[in-house]
Amino acid sequence: MSTATTHPAPTDYPDKIDGAVLKIAGVVVLGAIMSILDITVVNVALPTLQHTFAEGGEDLAYSTVAWTVTAYTLALAAVIPLTGWAADRFGTKRLYMMAVAFFTLGSVLCASAGSINQLILYRVLQGLGGGLLMPLGMTIMTRAAGPNRMGRLMAILGVPMLLGPILGPILGGYLIDAASWHWIFLINLPLGLIALAYAAWALPKDRPVPSESFDFLGMLMMSPGLAMFLYGISSIPGEGTFFSAKVMGWGSAGLALLVAFVIYSFKPEHPLLDFRLFKNKNLTVAVITMFIFAAAFFGGLLLVPTYFQNVRHEDALHAGLLVAPQGIGAMLTMPIAGALADKMPVGRIVPFGLVAIISGMFLLSRVDGTTSYWGYIIPVLFLMGLGMGATMMPIMTSAIKTLTAHQVARGSTLINIAQQIASSVGVAIMSVVLTNGLTNDKLVSQAGAFAEASKGVTDPAKLQTILAQFPLVGEYFAKAGGDMAAGGAALSSAVADAMGKVFGHSFLVAAFLVLLTLIPAWFLPRKQEESHLLDDEDAPATPILMH
């Protein structure tokens with residue numbers, strides 16, 4: 001026999017994190033790990049996929065294979081706006097299980113792909129499921145936690161955001177070496193089945209409240225506009241400039257649709273994205289802070305493993321391991337920051353985290369081709385991790401705590417959209433800064449051109465002819481008295497040092513971008529404010545549970 005009960009009183013939420021909430025948190029964290037890990041784990045497989053799906057005996061272009069990453073990200077972003085409406089229409093438990101099932105099915109299809117085009121298509125299907133998991137997980141966690149435990153629960157939700165960039169390269173490198181590229185997708189099958197069974201057991205049944213009609217016109221503007229804009233942005237590294245026809249064409253068309261969508265969204269009673277929520281000062285400040293922070297930090301984060309692989313010639317597995325101290329630092333401060341966010345305003349927490357990140361970025365700007373790992377780089381990454389743990393989740397907590405229960409799904413959707421766009425913009429900016437820096441460095445560019453021109457050439461006379469075309473490169477062989485081995489070693493060392501300095505200049509740009517985050521962070525709440533999670537004029541304070 002089933003009975004419906006409601007729990008409107010604040011006393012329904014104990015102050016401490018109890019087993020019932022941790023049980024629900026485990027479901028959300030598992031789903032989020034699957035979604036976020038898949039963004040980074042595929043990066044390691046791109047060279048393997050270039051060779052696997054080679055056409056006519058030649059490897060595919062990197063830009064073609066990179067679409068396996070871009071397609072997933074675009075699908076992820078396009079489906080996020082559906083979360084608020086779909087959560088009301090289908091109920092959070094049912095929708096969450098549907099998203100996990102869709103993601104798992106897409107993963108299995110990816111493993112069965114026989115061509116690069118099939119793989120790109122299946123990655124889109126996978127992303128459509130993965131895009132719902134994070135904002136929906138935030139909604140489930142918020143309803144389970146109540147206002148007084150939001151900071152600590154958000155700290156738990158932050159774990160997969162850290163594990164993705166750290167464990168992705170490690171796991172991807174291991175699976176490719178130990179088995180095959182198929183397993184970077186097949187690993188999601190047992191995880192997905194476990195997540196489905198766990199969700200069926202742990203998540204309380206909630207009765208759908210389809211109080212709103214779906215904004216089809218908004219969807220027709222928002223999702224294509226967002227996909228086109230992000231496609232234009234993601235094309236910047238390959239084009240090498242912001243002003244190419246491809247970038248400007250797709251980016252401008254997408255931006256025009258997004259502007260039209262924002263203007264339109266104030267007309268319907270129940271828009272796809274509720275920009276009226278920005279009347280809430282705390283939400284507005286938190287989203288602006290999150291946007292600038294995500295663009296700067298995630299753009300800079302991309303540079304770290306790339307530095308280890310391209311400058312220090314570490315493989316993907318060791319590069320992932322070297323980045324791990326950053327995650328360890330974040331795991332130390334994240335639970336502390338989460339507990340503090342429940343007791344004090346986040347405006348007194350976040351600036352300390354930002355200062356740690358800014359300091360770390362400025363310190364990384366001094367790296368070169370021989371900078372000590374343990375004596376310099378690893379302690380700096382640990383410091384940045386400490387800062388990240390004290391920054392990201394408190395910002396999200398600030399945004400969510402002052403929303404009413406019925407606004408949480410829409411608020412978390414706005415935050416996730418902002419973070420997705422900001423991350424794409426940040427990665428594009430830092431990729432262009434790095435690419436242009438390497439291109440403009442004469443030694444690095446000449447060394448790359450010489451390596452390409454001399455590939456497979458063994459005749460000394462022919463090598464000397466090629467060397468004459470690259471005077472900066474020739475100097476190192478001349479100093480070695482014509483000894484090709486000694487000259488090559490000296491050249492490699494000089495190129496690594498030059499590339500390291502280019503990475504240092506790129507970290508400096510990232511440091512100044514993070515510095516900008518201090519401006520909106522200054523306006524985060526500096527006094528403890530009352531939470532409105534238990535208030536709602538048109539919806540039950542908590543989901544109606546069926547026992």
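Visitor: Is threonine 92 buried or exposed?
Guide: Threonine 92 is buried, because its relative accessible area is 7%, under the 20% limit for that class. Please bear in mind that this is a predicted model.

Visitor: Where is threonine 92 found?
Guide: Threonine 92 belongs to helix α6, which covers residues 92-111.

Visitor: And what does threonine 92 touch?
Guide: Leaving aside residues up to four places away in sequence, threonine 92 touches Ala87, Leu136, Thr139, Ile140, Arg143 and Asp206.

Visitor: Let me step back. What does the secondary structure come to?
Guide: The chain has 24 helices and three strands.

Visitor: How much of the chain is buried?
Guide: Of the 547 residues, 55% are buried. The chain exposes about 22,900 Å², and carbon and sulfur atoms supply 67% of that area.

Visitor: What share of the contacts joins residues 24 or more positions apart?
Guide: Such pairs account for 82% of the contacts with a separation of 6 or more. Two pairs of residues illustrate separation along the chain. Glycine 168 and isoleucine 36 are 132 residues apart in sequence, with their C-alpha atoms 8.8 Å apart. Methionine 334 and methionine 392 are 58 residues apart along the chain, and 8.7 Å separates their C-alpha atoms.

Visitor: Which helix holds glycine 168?
Guide: Glycine 168 is in helix α8, residues 150-178. It is buried, with a relative accessible area of 0%.

Visitor: And methionine 334, buried or exposed?
Guide: Methionine 334 is buried, at 4% relative accessible area. Its helix is α15, residues 316-341.

Visitor: New topic: how many salt bridges are there?
Guide: The count comes to two. One joins the side chains of arginine 276 and aspartate 274, with an N to O distance of 3.7 Å. The other pair is aspartate 497 and lysine 501, whose closest N and O atoms are 3.5 Å apart.

Visitor: How far apart in helix α23 are aspartate 497 and lysine 501?
Guide: They are four residues apart in helix α23 (residues 484-516), so about one helical turn separates them. An α-helix has 3.6 residues a turn, so residues three or four places apart point the same way.

Visitor: What is the accessibility of aspartate 497?
Guide: Aspartate 497 has 24% relative accessibility and counts as partly exposed. Lysine 501 is also partly exposed, with a relative accessible area of 43%.

Visitor: And is aspartate 274 buried or exposed?
Guide: Aspartate 274 counts as buried, at 17% relative accessibility, whereas arginine 276 is partly exposed at 25%.

Visitor: What span should helix α14 have?
Guide: Helix α14 has 30 residues, 281-310, so at 1.5 Å a residue it should span 44 Å. Its end C-alpha atoms are 44 Å apart, which agrees.

Visitor: And what caps α17?
Guide: Serine 372 caps the N-terminal end of α17, with a side-chain oxygen 2.9 Å from the backbone nitrogen of glycine 375. Helix α17 covers residues 373-389, and its buried residues include Tyr373, Ile377, Leu381, Met384 and Met388.

Visitor: Where does serine 454 lie?
Guide: Serine 454 is in the loop between α20 (442-453) and α21 (460-467). At 14% relative accessibility, serine 454 counts as buried.

Visitor: What lies 2.7 Å from the side chain of serine 454?
Guide: The backbone oxygen of phenylalanine 450 lies at that distance from a polar atom of the side chain. Serine 454 also touches Leu463 and Ile466, not counting residues up to four places away in sequence.

Visitor: Last one: which residues form the nonpolar patch on the surface?
Guide: Leu516, Ile519, Trp522 and Phe523 form the patch, and together they have about 470 Å² of accessible area. Phenylalanine 523 is in the loop between α24 (518-521) and β3 (545-546). It is partly exposed, with a relative accessible area of 49%.

Key
Residues numbered from 1 in each chain as written. Predicted model: local features only at pLDDT ≥ 70, side-chain atom pairs only at ≥ 80, totals over all residues. Heavy atoms only, no water. Patch = residues over 30% accessible without salt bridge, like charges linked within 9 Å, V, L, I, M, F, W, Y side chains within 5 Å. Areas by Shrake-Rupley, 256 points an atom, 1.4 Å probe, with all protein chains shown as cover. Salt bridge = Lys/Arg side-chain N within 4 Å of Asp/Glu carboxyl O. Helix = DSSP H or I, 4+ residues; strand = E, 2+ residues; numbered from the N terminus. Buried < 20%, exposed > 50% of the residue type's maximum accessible area, 1.4 Å probe, protein only. Polar contact = N/O pair within 3.5 Å; in protein donor to acceptor, adjacent residues only side chain to side chain. Contact = heavy atoms within 4.5 Å. Expected span 1.5 Å × (residues − 1).
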